[in-house]
Amino acid sequence: MEKLIELVSEILNLDKESISLETSREKTSAWDSLNHIRLVAEVEEQLNIKIPFEKVPDIKKVGDFLDYVKE
Amino acid sequence: MKLSILSNINLDSLIGRLSKLYDVYKTEGYGAWIQEIINPDSGLYSFGPDMVFIIIDGEEMCNGQSKSNSTIDTNISYIEEAVKNNPDITFFVSNIDLWTRKIESVKSGAKERRLEFLWEGGLFLLSSKYRNVYVFDLKSIVEDKGREQFYSKKLWYLGGIKYSMKAEKLLEQQINRCIASAKGIRKKCLVLDLDNTLWGGVVGEGGLEGIELSDYKEGARYKDFQRRLKEIKDLGIILAIASKNNFNDAIKVIREHKHMVLREEDFVALKINWDLKSQNIRNLSQELNIGLDSMVFIDDNPIERESVKRELPEVTVPDFPQDTSELVDFAIELYNDYFYTLNTTDEDTVKTEKYRQNMKRRDAQKSSASYEDFLLSLETKIEIRRLSAENVQRAAQLTQKTNQFNLTTKRYSEQELLAMIGERGFEGFVAYVSDRFGDNGMVSVVITKHKTDSEVELDTFLLSCRVMGRFIEDQIIGFIEDLHKKSGYKKLITYYKPTEKNVPVKDLFERLGYTLLDVDSTGNKKYVLNLGKSSTCSRKEFGELRAL
């Protein structure tokens, strides 16, 4: 989870402290559509998980990534 | 450093990351790389980059083209046009990887291989023909990483981004290496341990027969490692030994073991003794006249590494691989991180020999009655020539790398030097030195700049550290003064610009009899010599001078 927060902060260029599992796309301006794609790709590569193509738009907050990590 | 990344695909996030480190030209969209490089009025050229990286995606270039061959030929000729018309810009052009995943019969053949080869061949010809273009080895990155890792299907379908995040990071690394190498940032000396580093086991215990070093199986780990180290040496990096051993045990292996790749003559110095390694490395640095920050130390023993790190923090001490089957990868990593080389000069291939001769000179010095006797006994010959296209490569290298005896420390690329001497007002000279121990090659670069009809100034004056202390500078500057006096100049203006490393020449011009005109608050000094009257100061002359 720490790693996840780190990735989000790196891609969105935000302080780690300002990011939690509740950080959402809607309320974070840096989390635009391009960064969303980069974030998905980076999380897949770094955490070695797969997020199905169809589910990519459903990720709305940082915590949503955890669904795939657990599996 | 101003650079530009051009591509036929979307590399925005790579460009974004590089923009944090360098001044990077932003293109509008992508795919317009050809217009950018061939139109002299393009945004690219008005930006004025030092380096241009052209990253070509093969599939994008060739796909949908019925005549891929002619597309490749045309694009190569566009690149040639750009390279030829912009000699001040260094171009790096990628080779291509074609992953088409088309479905076709076996018999129809893998056309992709032939296209990759055609492009590669075209680039290779360009890079042999022009100094300012290099092949950017994208294909090797793809091969090392594997296509499944290099490309990202998801990023492609979601955002039109073709390469994975990992791939972009590797490209970024490779770009950084090219930049560092073009700037001449490279370590000079690799200091190696022996036991469990160049061979397996401890020679002091097992003897010549007891160590692991062979063509196959266990011992091949070390033989392969040595082969890669020898390749590093051939790039002009000097190798030295620092090993705690009985000298006789270790030298026997180096001289006699049939699987040793590196032999005595491959090392500039063999510090095989029981002294502290940090002390040996410090001595090496003094004897070779190489800064500690230009040295990399390799040892399998973490305690030795820690001790050197603590005593000599300037020395680079990489971790040794835990798994010795990875020694070859380790050598390649060393090359990539510290010794990455765009091209070698003739000087590089004989560098070890030069340093070995220098060690012999030091020994001769010890046995001479006085230092002056020693200098006379060297039978030094100095030859001064004009700076020209034939010798500009080494001259540029000297301006990039010379730190100690360098009065103004101005760094020039080959292109810059050629442009300067083509201009009215600048004159360039280079000096070669040889003596009875061997040929030192080019050791000095002098550039003068016309100020007024009566005044000329010294833009650059440097001397390689290999021949420092032999008063060669006295004769070179004497020549420069005479030449300009004959051309009618009355005054030679010179400068000393202090850096961290050029303290040895802080008072050079005082010694040479120049008059100090001005010192500013940062220590920049300005001098003048009246060329009218004959020189009155005591200049030394130990060599025979031939000029132009």
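In this predicted model, the axes of helix α7 (residues 138–145) of chain B and α10(B) come within 11 Å and cross at roughly 135°. Axes here are lines fitted to C-alpha atoms, for helices over the stretch in contact, with angles running from 0 to 180 degrees between N-to-C directions; helices (H or I, at least four residues) and strands (E, at least two) are DSSP runs numbered from the N terminus. That makes α7(B) and α10(B) oblique to each other, the label left over once angles under 35 degrees are called roughly parallel, over 145 roughly antiparallel and 65 to 115 roughly perpendicular. The crossing of α7(B) and α10(B) is right-handed, the near helix being turned clockwise from the far one by less than a right angle.

As for who touches whom, B:Leu138, B:Ile141 and B:Lys145 from α7(B) meet B:Lys166, B:Leu170, B:Leu171 and B:Gln174 from α10(B), with contact taken as heavy atoms within 4.5 Å. Sorted by class, the contact of α7(B) with α10(B) has 4 nonpolar, 1 polar and 2 charged residues; Ala, Val, Leu, Ile, Met, Phe, Trp, Tyr, Cys and Pro count as nonpolar, Asp, Glu, Lys and Arg as charged, and the others, Gly among them, as polar.

In one of them, the side chains of B:Asp57 and B:Lys162 pair up at 2.7 Å, N to O. B:Asp57 sits in the loop between β3 (51–55) and α4 (58–62) of chain B and B:Lys162 in the loop between α9 (153–159) and α10 (165–182) of chain B, so the pair ties together parts 105 residues apart in sequence. Both B:Asp57 and B:Lys162 are buried, where buried means under 20% relative accessible area, exposed over 50% and partly exposed in between (1.4 Å probe, protein chains only).

Another salt bridge joins the side chains of B:Glu116 and B:Arg147 at 3.8 Å, N to O. B:Glu116 is buried, at a relative accessible area of 9%.

The salt bridge of B:Arg227 with B:Asp224 spans 2.7 Å, N to O. Being 3 residues apart in helix α12 (residues 220–234) of chain B, B:Arg227 and B:Asp224 are separated by about one helical turn. B:Arg227 is partly exposed at 33%.

Residues are numbered from 1 along each chain as its sequence is written, and chains are lettered from A and ligands numbered from 1 in the order in which they are written. Local features need pLDDT of at least 70 and side-chain atom pairs count only at pLDDT 80 or more, while totals for chains, interfaces and linings use all residues; side-chain values use heavy atoms, leaving out hydrogens and water.

How values were computed: Salt bridge = Lys/Arg side-chain N within 4 Å of Asp/Glu carboxyl O.
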